[in-house]
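Here are my notes on the model you sent. The points are numbered so that you can check each one against the coordinates.

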Amino acid sequence: MSSKSQGELYPVELRRHREDKQLEVVWSDGHRRMFDYDYLRGYCPCASCQGHMVRQLKFQPPRRPVDLLSIEPVGNYAVTFLWSDGHSTGIYRFDFLLELEQMLEAATTSS
Ligand SMILES: [Zn+2]
């Protein structure tokens, strides 16, 4: 079956909320988190957004608010998003999504 170790988190559901422009991620432990499309788009992990010598994750806000057109699974470890600005090369590993979630939580609790 899968090589996932026990306790490793992965999304069991990715649900688009079109009117709010948010993606809801439901994790395998039952917790859920909403991500703004612009937040996910801005942290696109692909080389052209992040550069090649990545030391610190960069936030590149989209020029215009984006819509999330589709979600494609990549193996059993990641997803890719097709954005309304035509970009789709970012591979969002599940552990990367968790990292974004932690950054989001840190940002919302520290003010
Ligand atoms: Zn990118």
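Predicted model: local features only at pLDDT ≥ 70, side-chain atom pairs only at ≥ 80, totals over all residues.

Which residue in β2 is the bridge partner of His17? Gln22 is that partner. The points below start from the whole chain and return to this pair.

1. The chain holds three helices and six strands. Along the sequence the pattern reads β-β-β-α-α-β-β-β-α. The radius of gyration is 14 Å, close to the 13 Å that the globule rule gives for 111 residues, so the chain is as compact as a globular protein of that length.

2. **Extent and contacts.** Taken along the principal axes, the C-alpha atoms fill a box of roughly 40 × 30 × 30 Å. Buried residues account for 15% of the 111 residues. Take the contacts between residues at least 6 apart in sequence: 31% of these join residues at least 24 apart.

3. **The β1-β2-β3 sheet.** This is an open sheet of three strands, in the order β1-β2-β3, and the pairing is antiparallel. β1 (11-17) and β3 (32-36) stand at the edges. Each has a single partner strand, so one side of each is left without a neighbour in the sheet. From one strand to the next, the twist averages 20 degrees.

4. **Pairing of β1 with β2.** These two strands pair in the antiparallel sense over six bridges. Pro11 stands opposite Trp27 of β2. Glu13 has Val26 in β2 as its bridge partner. His17 has Gln22, also in β2.

5. **The β1-β2 hairpin and Lys21.** Four residues lie between the strands of this hairpin. Lys21 sits in the loop between β1 and β2, where this residue takes a positive phi near 50 degrees. Is Lys21 buried or partly exposed? Lys21 is partly exposed, with 16 other C-beta atoms within 10 Å; the cut-off for a buried residue is 20 or more.

6. **Reach of Lys21.** Leaving out residues up to four places away in sequence, Lys21 touches Asp36, Tyr37, Pro65 and Asp67. Gly42 is 21 residues from Lys21 along the chain, and their C-alpha atoms are separated by 14 Å.

7. **Pairing of β2 with β3.** β2 and β3 run antiparallel and are joined by five bridges. One of the pairs is Val25 with Arg33 in β3. This hairpin has four residues between the strands. Gly30 takes a positive phi near 100 degrees there.

8. **The β4-β5-β6 sheet.** This too is an open sheet of three strands, ordered β4-β5-β6, with antiparallel pairing. The edges are β4 (68-74) and β6 (91-93).

9. **β5, β6 and the packing of α3.** Three bridges join the antiparallel strands β5 and β6. Thr80 has Ile91 in β6 as its bridge partner. Which strands does α3 touch as it packs on the sheet? α3 touches β5 and β6. The direction of α3 makes about 75 degrees with that of β6.

10. **The nonpolar core.** In soluble globular proteins, nonpolar side chains tend to be buried together. In this model the largest nonpolar core has 14 residues. Leu23, Tyr37, Leu40 and Phe81 touch the most other members. The elements giving two or more residues to this core are β2 (22-27), α1 (37-42), β5 (78-83) and α3 (94-109).

11. **Phe81 as a place to look.** Which residues does Phe81 touch, not counting residues up to four places away in sequence? The contacts are Leu40, Leu68, Ile71, Ser88, Gly90 and Tyr92. Among them, Leu40 is also one of the core residues that touch the most other members.

Technical notes: Residues numbered from 1 in each chain as written. Rg over C-alpha atoms; globule rule 2.2 N^0.38 Å. Buried ≥ 20, exposed ≤ 12 C-beta atoms within 10 Å, placed from the backbone. Contact = placed C-beta atoms within 7 Å. Core = buried A, V, L, I, M, F, W, Y, C linked by C-beta atoms within 7 Å. Pairing = 2+ DSSP bridges. Axes fitted to C-alpha atoms, helices over the stretch in contact; angles between N-to-C directions.
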